[in-house]
Amino acid sequence: MTLTRGIRTTVLLLGFAFLYAPIVLLVLYSFNASRLVTVWAGFSTRWYGELSKNEGFRAAALTSLEVAVLAATIALVLGALAGFSMSRFSRFRGRTLFGFALLAPLVVPEVILGLSLLLLFFNCESWIGWPSRGIPTITVAHATFGACFVSVLVRAQLAGFDRALEEAALDLGARPWTVLVRITLPGISPALISGWLLAFTLSLDDLVIASFVTGPSATTLPMAVFSSVRLGVSPEVNALATLFLTVVFVLVALAFWLTAREERRRRIRG
Amino acid sequence: MIGIGRVGRLLLIGVPFLWLALFFLLPLLIVVKISVAESVVGIPPYTPLVTRDAAGFKLQATLANFALLASDQLYLRAYLGSLANAALATVLCLLLGYPIAYAIALARGARRQLLLFLVMLPFWTSFLIRVYAWIAILEPNGLLNEFLIGVGLIATPLPLLNNQFSVELGLVYSYLPFMILPLYGSLSTLDESLIEAAADLGARPFRVFLGVILPLTLPGIAAGSLLVLVPAIGEFVIPDLLGGPDTLMIGKVLWDEFFNNRDWPVASAVAVVLVAALAVPILGARKYLDRAQAA
């Protein structure tokens, strides 16, 4: 279609300005010496200092990190198994139900996932006295929806995977499990890496599900941030958000760069 | 895969299947169960489904919670309000996202990779923070109002926050990347020779768009609309942080029923109706999504 270069550039500039302006402003104002948003009182790292003294945020950050690492790791294993099963076994009993259970958590509203899991944990606790609500229950909840995202990525990667490599290895006498570990697993490693990272950031970001399934003992970072921003704009949260965005930006850029490099290599080899 | 054996196969499928059955399917059934219970003060805050007395087992189910949902205007308005807000957000995302996705699809090489990276980046960053960032912009004495007053366009601050406008803006802003990505997927695989053929046969650019490009990207439109509409209907964070007293959205109603009123059975009934309502757009879009997967 005849979209001139000028129109295309304008569209992109406007679109990305909309997507990024709020974030850029937030980062900018985290360095504002004044508490007020509209007053620029000069550059200052004051709020980063205040943030480092905030014990509540620090404890919540540690809780969130613990949950996210555990949940992403469980999600990686479950999601890889599920993605592999769905992509390689075209027929087994309950496959339709399994496929539904893998995709539905991606679209079911978080309030429902949170409520339903809380009711499960609550019932479980009153029947068998386990689990007490807190870090373990949040981890299980996050691992569940994280696994669904991982399985989507693994399935997509397996769909483009060259089966001839596996067959060649089998023909050369490798045992099936060896082929799985030495050929298939490295072949889908980009999906595994981005899957883990995705599950990790989703867990780190989740407010709604964690609020439902947690107990009095555990507060995650989004929960701490949420109760603080409900009262309005807080410069400390701006500083925290800036730190968070920096870490995410570096991680995602790294993942993108790794995937791009991998693809370039493949193209050269192929 | 051949040769993994029955046990291996059972393990590969069984472990994740069991996990999902236990932590996704079973909880949904429990929600249904509690939605027909009565709310009581105590622990647990609802009546058991089956009770046992001298006469034997007795099923104790009530549809009172659903009757409440049907009779109290609050719930109906919240459902419809969610649907209207989400539908408008979907249309706006489509209108904004289509040109952006098209411009990305027309870019080449490293530039295209960079643009895709920029679309995906917000998806990885905190949803909560991205919604929160708008508060400082939209407040009565926020950046936008100060700017508009500063350049002399308005004299008094406009009410930009805690109303329908800010909720809609928040929805569009948050879900735009979810629309752009599937649209880009459809547009980037478009066969350019079809477009050239239509142009060669004398079709004007707009006619080419309506007759060729739009129908061929329907799978992307369906997928994107689903990814915006469904989560937007159940959204909680956006109506809570950006909404006002007139904002009624079902995700927030469910949250309030649970956390503020501590009425678990009504919250469960709200969830059951919400799932049933969401099944409609999901099943509707599946037709296109299946076609997209087959293509």
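Begin by selecting A143(A), which sits in helix α6 (residues 135-159) of chain A; helices here are DSSP runs of H or I with at least four residues, numbered from the N terminus. This is a predicted model, in which local features need pLDDT of at least 70 and side-chain atom pairs count only at pLDDT 80 or more, while totals for chains, interfaces and linings use all residues. Residues are numbered from 1 along each chain as its sequence is written, and chains are lettered from A in the order in which they are written.

Stay on A143(A), which counts as buried because 25 C-beta neighbours lie inside 10 Å; the cut-off for buried is 20 or more other C-beta atoms within 10 Å, with C-beta atoms placed from the backbone. Leaving aside neighbours within four places in sequence, A143(A) is in contact with A71(A), I74(A), A75(A) and L78(A), contact being C-beta atoms, placed from the backbone, within 7 Å.

Next, select helix α5 (residues 110-128) of chain A, whose 19 residues reach 27 Å from first C-alpha to last, close to the 27 Å expected at 1.5 Å a residue, where the expected span is 1.5 Å times one less than the number of residues. Among the buried residues of α5(A) are E110(A), G114(A) and F121(A), and after α5(A) comes G129(A), with a positive phi near 70°.

Finally, show both chains: the contact takes 64 residues from chain A and 73 residues from chain B. On the side of chain B that touches chain A, the largest share, 17 residues, comes from helix α1 (residues 5-35) of chain B.

Note on methods: Two residues are in contact if their C-beta atoms, placed from the backbone, lie within 7 Å. Helices (H or I, at least four residues) and strands (E, at least two) are DSSP runs, numbered from the N terminus. A residue is buried if 20 or more other C-beta atoms lie within 10 Å of its own, exposed if 12 or fewer, and partly exposed in between; C-beta atoms are placed from the backbone.
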